[in-house]
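Here is a friendly walk through a two-chain model, moving from overall dimensions to a few local details. Have the sequence and the 3D view at hand as you read.

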Amino acid sequence: MNSVILRTGTVYLRPLLLIFSVFLLLGGHNQPGGGFTGGLVAGLAFVLEALAFGLDQARRTLRVHPLTLVGCGLLLSAMSAFFSTLLGKPFMTGTWWVWHVPGWGELAVGTPFFFDLGVYFDVLGVTCLIIFSLLNAGEAEGKT
Amino acid sequence: MLSLSVGIIFITGLAAPYLLPRLGRAAPWLFSLIPLGILAGLLTHIIGSVSTFPWVESLGLTILFRAEGLSYLFAVLITGIGAVVTLYSGGYFHGDSRAGRWFCFLFLFMGSMLGLVLSDNVFSLFVFWELTSITSFLLIGFDHHRPEARAAALQSLLVTAGGGLSLLAGLVLLALITHTTDLGAMVAAEIPNDSPLLPWVAALILIGAATKSAQIPFQFWLPNAMTAPTPASAFLHSSTMVKAGVFLLFRLQPLFESISWWGPALMLVGGLTALTGAWMAVRQHVLKPLLAWSTVSSLGLMVMLIGAGTPEALFAAAVFILAHALYKAALFLVAGILDHETGERDIRRLGGLRQDMPITAITATLSGLSMAGIPLTAGFVAKESMYETLLHAPAYGWMLLVCAVLAGASFAAVAWSVSVKPFHGSRLPTDRHAHDPGSTMFFGPLMLSGLGIAAGTVPSLLLEPHAAASAPTAHHVPHLAAWHGFNLPLLLSAITLALGGVVIWLRHRKAAGDTSSALNKLGTERLYYRAMDLLDRFSTRTANTVQHGLLRIYLFSVLLGAMAILWPLVYRHAAPLDNLITSWAASGAAETRWHEWALLLTMIMAIGATVHARTRLGAVTALGVVGYVIAVIFVLYGAPDLAMTQFVIETLTVILIALSFSHLPPFRDLSPLWVRARDLLFAVTGGVVMTVLTLVALNARKHESVAAYYMENSYNLAHGKNVVNVILVDFRGIDTLGEITVLAIAALGAFALLRTLPGRKRGETP
């Protein structure tokens, strides 16, 4: 695809989408959002780039193979689920650390956050993996 | 300490591929120190005899290891022969790039086998039992580029793991009858003799044990398993794993004593197996099948002795297990040396190697003497105690005695073929320059065969204590001695050796021809291939019928199935349906505002556009609009999380379908009118069913909604104000974990499928 409008739009949309996805991920616990939606939005950013600038460019931006993202995401989620068993509590019990940040209030970070982060990477990886594969197959067909 | 020992073996196995290149030449010696250390700990009782390790506590499963009696005997065998085989493997796989993998499999097997014999909990026993089947599969198929190795590995796995399922069924029933999962408690439990399930338990466990120990009619897998590298044959398929079935029958024998057919069944199966193995063994000319069939025969004798059931018979079985492990493992290792150093496996082409391989010749002779049952060897002591027992057996004594004598005669013939024929007579030419192997390879077998002689010379020191401990009722065990004087068993021994001599002479005169025809005549293996063939054809036919590749029909059948299940539900709730609608209308939810009407209209128009689209892109885009409208409805009814996900998913779906356009044929309307009518009917029915179901579900709540609990505790327990997200990642996080795993697997599947699309160059990675 070779469209100036799409390319120009992508240049501005991509960072916005990525920032929005992180916003969704971080805010997800208290506002609409979460790892799943965040991951999808981030995946959309890379898909957009692949459509506008080509698959190679999108792969370069992503830096790692989507499969790696899928694996790491799953691993992170599973590890955060198993964390409580190290403390002798049942599987998947949420463990929280609460700090009082001056001038802001209470900051609570827990294993569910890392679980959600794993979901984010998993979904991002899955989206990129499927769409990149399809694009690649399409390009290969176009060449032959 | 016991569970630690098993754990250390497993860890060594997993680490072996990494350690091997770093340790260099010392690796086999260091590796063999691990089983040797455990052996020393067992013999000196430094490693305690009981050890518990919590496994799944919420299910009441603990791994309870107990090294007493028979378990102790087997643990000693496994670690002792394991050390020898580990060392030997160092020489056998010297310079082989697969050595790391080999040691990994070998130690995993050793750990599983040790876990199997030490387990006092029947379910951990079962897990280790199946683990030995799997590791045996890996070891038999070690040369996986050879089709016959793969076939033999698969055959052994199917037979032994299939038998394992029967064993599991038996163990579950047994646990239900005895109300315990503890093996020791089970054997001690008072089971009413008239328990109707007990015969079934016995039959199921007998099948499991028979597959593992290669009893008739499952005997065929063991000779085929000889495609495994020789150290595996020496370890798994002669001295340890194939004895697991014997071990289990031995352990559970007291439980089934009251069943009238139990003893005769074991005697029949064992006796037939002993005779078959003996008959097949003397017809072989290749070293390993020869030894394998004689192993089948020995296993038959052990089962037969357990069937006889008297304390003396069990004691004789334990002595035989020890003696057999010592000489058979050594002879297999000798066969491996001959193969390794001369490149020749057929005894007809081996001869006069005594000069070139003196140490191997000595080892072979010592083990051969024991196998033939010449006085002052462990084999002789075992044979004497067997004959003595059978002479006094309460029932079927003389029939068993005939089996034992015939099997013993074949052992003598096999011993001659393996340990005399290759080393004496005229020197026959070999492909490779024959010479004794390095110390790693001859040290172990020499130790084992020397131990066999020592045990036969002073049996009261080396054989009796181990064997006596294993008899379940060890109140009076016969005394073992190297020499019992001139008596009836000695006469029988002499007859056995004479018969063996006759067999050797017959074989010498008539060099028997092809043995494969005899193999085929044995029948049960043909049944195995018949079954595999039938399974193959059935799967092919099913796959061709179900997996026809027409996407539309797939969708059609899935929907049809869903309708068939859901219709009755709708029908059953049809009566209060008008109530439903009235109550729903009365609640005010039915009051539709103008913008909702607008949305509804948009959706209907989009659906119409989807159906009437002239291009594929048009249809997909229109379908996307339908999805967006649904997302907007989510927003209006206060579900922003759902709406957001729906928006993104719709977008991605449109992109996905658009991307797959290049692989699709031109968009044309080929369906005849009746197909379109059928599809319309179908679509409308589907919609109606789903709508009614939703309405019914809304009013079908019987329990208090869990929503209140989630709302209340979301912030207190989980520090989150967005309940939807808290449910996803915390309250019901395990569902999410499952879902993302499924997602990852689906993506992997798509990735793999798209890589193999036609028109792609090899080696390209998306």
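The radius of gyration used here is taken over C-alpha atoms, and the globule rule sets it at 2.2 Å times the number of residues to the power 0.38. Please keep in mind that this is a predicted model.

**Overall dimensions**

Let us begin with chain A. A compact globule of 144 residues would have a radius of gyration near 15 Å, whereas chain A has 18 Å. For chain B, the radius of gyration is 35 Å, well over the 27 Å that the globule rule gives for 766 residues, so chain B is more spread out than a compact globule.

The table puts some values for each chain in one place.

| Chain | Secondary structure | Span along principal axes | Buried residues | Contacts at least 24 apart, among those at least 6 apart in sequence |
|---|---|---|---|---|
| Chain A | five helices and two strands | roughly 60 × 35 × 20 Å | 44% of 144 residues | 65% |
| Chain B | 32 helices and two strands | about 110 × 65 × 50 Å | 44% of 766 residues | 78% |

**Chain A and its hairpin**

Along the sequence, the elements of chain A follow the pattern α-α-α-α-β-β-α. What joins strand E1 (residues 96-101) of chain A to strand E2 (residues 105-110) of chain A? Six bridges do, and the two strands run antiparallel. One of the paired residues is Trp99(A), whose bridge partner in E2(A) is Leu107(A). E1(A) and E2(A) form a hairpin with three residues between them, and in the turn Gly103(A) has a positive phi of about 80 degrees. E1(A) is hardly covered: the count of buried residues among its six residues is zero.

Chain B is divided into domain 1 (274-513) and domain 2 (704-766). The C-alpha centres of domain 1 of chain B and domain 2 of chain B lie 61 Å apart.

Helix H10 (residues 230-239) of chain B is mostly covered, with ten of its ten residues buried. Among them are Phe235(B), Leu236(B) and His237(B), as well as Thr230(B) and Ser239(B).

Is His340(B) buried, exposed or partly exposed? His340(B) counts as partly exposed because it has 15 C-beta neighbours inside 10 Å. Leaving aside neighbours within four places in sequence, His340(B) is in contact with Tyr92(B) and Pro437(B). His340(B) and Ala434(B) are 94 residues apart in sequence, yet 9.3 Å apart in space, C-alpha to C-alpha.

**Where the chains meet**

Finally, how many residues does each chain bring to the contact? Chain B gives 40 residues and chain A gives 45 residues. On the side of chain B that touches chain A, the elements giving two or more residues are helix H28 (640-659), helix H31 (723-731) and helix H32 (733-755) of chain B. H32(B) supplies the largest share of that side, twelve residues. By residue type, the side of chain B that touches chain A divides into 23 nonpolar, 13 polar and four charged residues.

Key. Residues numbered from 1 in each chain as written. Chains lettered and ligands numbered in written order. Predicted model: local features only at pLDDT ≥ 70, side-chain atom pairs only at ≥ 80, totals over all residues. Contact = placed C-beta atoms within 7 Å. Helix = DSSP H or I, 4+ residues; strand = E, 2+ residues; numbered from the N terminus. Nonpolar A, V, L, I, M, F, W, Y, C, P; charged D, E, K, R; others polar. Domains from an automatic or database assignment. Buried ≥ 20, exposed ≤ 12 C-beta atoms within 10 Å, placed from the backbone. Pairing = 2+ DSSP bridges.
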